[in-house]
Amino acid sequence: MSVQIEKRRFDCSALPKGWKREEVLRKTGLTSGKVDVYYYSPSGKKFRSKPQLARYLGDTVDLSSFDYRTGKLNPMLLRKNKRPKGTQFDYRQTASIFKQPVTVIKTQPTSKVKSDCKHGTQDKPKQVFWEKRLQGLQAYDIEAEALRFVELPSALKAIGPSIADDTVLQSLATALHLVNGPIVGQTGPKQSLKDNPAVFLNPEQPLVAALNIEEDDILAQEQRVDQARERLKQALRGLES
């Protein structure tokens, strides 16, 4: 089945003198109603697209605002195609120019920079009641049984659930070696420490209730130290003899 068409040819005022514009209307077939547009040079050469026209005319005719379908000049096409030479459109944002890691938060109409870097040293979190992991462990002599455990003064009262005397001693020894400030014990409210010790406990201090050391306590401790030194001195003399 042949396709019936209707041709109409006009002078094209948007192109130089002698150029023709041809409209070909398809009257039958699946593409019935479609209009094909062609252009003819004064010498009769046929052009099927705007790029073909541009290559043929070169710099003699500016086709930036030429509408191929209508054969007229359209200023809107000139605006779409206009771009200043040397202009690059880059909408990416980078934070690599900053000395510290940052996050760029886009807001309207401006942008603000929020710093994600916390200056200074960060302390590691401390585990509450970590001393209980050592509970029940004792030092042993190869030739004897377990060494006698040190008895703590009655004034030292443990704070926390099921805290044994050896755990209290371990927490005290740790505080003496690691804490730079004074060792004062747990100074929080007694009832709060009893009801919810995991919340109100100070992990920097040993697991004992707050205790006030008086002058008499210091003198009594000095006397015990002197007695221990004397016993050690006598033991060393016995080894030498």
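1. Basis of the note. This is a predicted model, in which local features need pLDDT of at least 70, side-chain atom pairs count only at pLDDT 80 or more, and totals for chains, interfaces and linings use all residues. Residues are numbered from 1 along each chain as its sequence is written, and side-chain values use heavy atoms, with hydrogens and water left out.

2. Overall content. The protein has 6 helices and 8 strands. Here helices (H or I, at least four residues) and strands (E, at least two) are DSSP runs, numbered from the N terminus. Read from the N terminus, the order of elements is β-β-β-β-α-β-β-α-β-β-α-α-α-α. Of the 241 residues in the protein, 18% are buried; buried means under 20% relative accessible area, exposed means over 50%, and partly exposed lies in between (1.4 Å probe, protein chains only). Among contacts with a separation of 6 or more, 37% are between residues 24 or more positions apart; a contact means heavy atoms within 4.5 Å.

3. The sheet. An open sheet is formed by 4 strands in the order E1-E2-E3-E4, with antiparallel pairing. Its edge strands are E1 (5–11) and E4, each of which pairs on one side only. Two strands are said to pair if DSSP finds at least two bridges between them. In general, strands of a sheet pair through backbone hydrogen bonds, either parallel or antiparallel. E1 and E2 are joined by 7 bridges, and Lys7 has Val24 in E2 as its bridge partner. E2 (residues 20–26) and E3 share 6 bridges, with Leu25 opposite Val35 in E3. E3 and E4 (residues 46–47) are joined by 2 bridges, and here Tyr39 stands opposite Phe47 in E4. The hairpin of E3 and E4 has 5 residues between the strands, and Gly44 in this hairpin takes a positive phi near 95 degrees.

4. Burial within the sheet. Why is strand E3 described as largely enclosed by the rest of the structure? The reason is that 5 of the 6 residues of E3 (residues 35–40) are buried. The side chain of Glu23 makes a polar contact with the side chain of Arg21 at 2.6 Å. A polar contact is a pair of N or O atoms within 3.5 Å; within protein, one must be able to donate a hydrogen and the other to accept it, and residues adjacent in sequence count only if both atoms are side-chain atoms. Leaving aside residues up to four places away in sequence, Glu23 touches Glu6, Lys7, Arg8, Phe10, Val35 and Asp36.

5. Aromatic rings. Trp19 and Tyr56 form an edge-to-face pair, at 6.0 Å centre to centre and with 70 degrees between the planes. Trp19 lies in the loop between E1 and E2 and Tyr56 in helix H1 (residues 50–57), so the pair ties together parts that are 37 residues apart in sequence. Rings of Phe, Tyr and Trp (its six-membered ring) pair if their centres lie within 6.5 Å; planes under 30 degrees apart count as stacked, over 60 as edge-to-face and the rest as tilted. Trp19 is buried, with a relative accessible area of 5%, whereas Tyr56 is partly exposed at 41%. Trp19, Phe47 and Tyr56 form one aromatic cluster.

6. Charges over rings. Arg9 lies over the face of Tyr40, 4.0 Å from the ring centre, and Lys46 lies over the face of Tyr38, 4.1 Å from the ring centre. The criterion is that NZ of Lys or CZ of Arg is within 6 Å of the ring centre and within 35 degrees of the ring normal.

7. Helix H3. H3 (residues 165–178) has 14 residues and reaches 20 Å from its first C-alpha to its last, close to the 20 Å expected; the expected span is 1.5 Å times one less than the number of residues. Its buried residues are Asp166, Thr167, Val168, Gln170, Ser171, Leu172 and Ala175. Ser171 has a relative accessible area of 2%, and its side chain reaches the backbone oxygen of Val168 at 2.7 Å. Ser171 also touches Glu131, Pro206 and Leu207, not counting residues up to four places away in sequence.
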